[in-house]
Amino acid sequence: MAYEIHTFSPEQTKAWGARLGQLLFPGAVVGLEGDLGAGKTCFVKGLASGLGIDEDEVSSPTFTLIAEHYRGKLPLYHIDLYRLEGAETEEIGIEEYLFGQGVTAIEWFGFLPAGLVTDYLLISLSFGVGEERVLTLTPYGVRYEQVVRALQEREGKRQR
Ligand code: ADP
Ligand code: MG
């Protein structure tokens, strides 16, 4: 049950991130995939604002692999595995985030060791024409299926 969303500006991508952020729960894991510039960080900015965190706090973690944001209704752990460069995920203590009480958003989710998390929401971003982006949301596990369903229902109501 994948859910495909088309956005046509960074603002629209952020708006979807914010809607998702409002539906997440302690311990939620959101995996992001897509090439450089696809909009992963943009989406996480929206996610942050949906959790009540200032989106300006969120940036591409350059030297820090992990940025922790505590000003929202849930902690947000923003992880970018692109710069992991061979460092073991155990070395950065990723399990503590994944199995903690905050929301963990991971860019370049595919670099995570296979099988480390089994329940998560995968968001794949790809390029359309110009500013168009295609966001494909695939839930793994019942909790994430419910989240995606809630997002779809909200969108339905918004269009009515
Ligand atoms: P990533 O983290 O995937 O490398 P970023 O979120 O850092 O990507 O960058 C996305 C870039 O694409 C930004 O410069 C943003 O302004 C631009 N952009 C253009 N259209 C969109 C869109 N529809 N959604 C998200 N970003 C967009
Ligand atoms: Mg990024």
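**Reading the features in turn**

Me: Does threonine 41 count as buried or exposed?

Reply: Threonine 41 has a relative accessibility of 14%, and it therefore counts as buried. Buried means under 20% relative accessible area, exposed means over 50%, and partly exposed lies in between, with a 1.4 Å probe and protein chains only. As to the origin of such values, this is a predicted model, in which local features need pLDDT of at least 70, side-chain atom pairs count only at pLDDT 80 or more, and totals for chains, interfaces and linings use all residues. Residues are numbered from 1 along each chain as its sequence is written, chains are lettered from A and ligands numbered from 1 in the order in which they are written, and side-chain values use heavy atoms, without hydrogens and water.

Me: How does one read a metal site, and which residues coordinate the magnesium ion?

Reply: Donors are N, O and S atoms within 2.8 Å of the metal (3.2 Å for Na, K and Ca); water is not among the atoms, so sites may look incomplete. Here the magnesium ion (ligand 2) is coordinated by Thr41 through OG1 and by Glu107 through OE, at 2.1 to 2.2 Å. Threonine 41 belongs to helix H2 (residues 40-50) and glutamate 107 to strand E5 (residues 103-107), so the pair ties together parts that are 66 residues apart in sequence. Helices (H or I, at least four residues) and strands (E, at least two) are DSSP runs, numbered from the N terminus. Glutamate 107 is buried, its relative accessible area being 2%.

Me: Which residues come nearest to ligand 1?

Reply: A residue is near a molecule or strand if one of its heavy atoms lies within 4 Å of it. Of the 16 residues around ligand 1, those that come nearest are Thr13, Gly37, Lys40, Cys42 and Glu131. The shell around ligand 1 divides into five nonpolar, six polar and five charged residues. In this scheme Ala, Val, Leu, Ile, Met, Phe, Trp, Tyr, Cys and Pro count as nonpolar, Asp, Glu, Lys and Arg as charged, and the others, Gly among them, as polar.

Me: How does one read polar contacts, and what is 3.1 Å from a polar backbone atom of serine 9?

Reply: A polar contact is a pair of N or O atoms within 3.5 Å; within protein, one must be able to donate a hydrogen and the other to accept it, and residues adjacent in sequence count only if both atoms are side-chain atoms. A nitrogen atom of ligand 1 lies 3.1 Å from a polar backbone atom of serine 9. In the side chain of glutamate 107, an N or O atom is 3.2 Å from an oxygen atom of ligand 1. For the side chain of arginine 133, an N or O atom is 3.1 Å from an oxygen atom of the ligand. Taken alone, ligand 1 exposes 560 Å², of which the protein buries 76%. Helix H1 (10-23) and H2 are the elements that give two or more residues to the shell around ligand 1, and H2 gives the most, with three residues. Accessible areas come from the Shrake-Rupley method with a 1.4 Å probe; for residues, only the protein chains shown count as cover.

Me: How many salt bridges does the structure hold?

Reply: Side chains of opposite charge can pair when their charged atoms come close. A salt bridge is a side-chain nitrogen of Lys or Arg within 4 Å of a carboxyl oxygen of Asp or Glu. The structure holds three salt bridges. In one of them, the side chains of glutamate 55 and lysine 14 meet at 3.0 Å, N to O. This pair links distant parts of the chain, with glutamate 55 in the loop between H2 and strand E3 (66-69) and lysine 14 in helix H1, 41 residues apart.

Me: Which residue forms a salt bridge with glutamate 57, and which with aspartate 119?

Reply: Glutamate 57 pairs with arginine 71 in a salt bridge, the closest N and O atoms being 3.0 Å apart. Glutamate 57 is partly exposed at 27%, whereas arginine 71, at 69% relative accessibility, counts as exposed. Aspartate 119 forms a salt bridge with arginine 143, where the closest N and O atoms are 3.9 Å apart. Aspartate 119 sits in the loop between E5 and strand E6 (120-127) and arginine 143 in helix H4 (residues 142-159), 24 residues apart.
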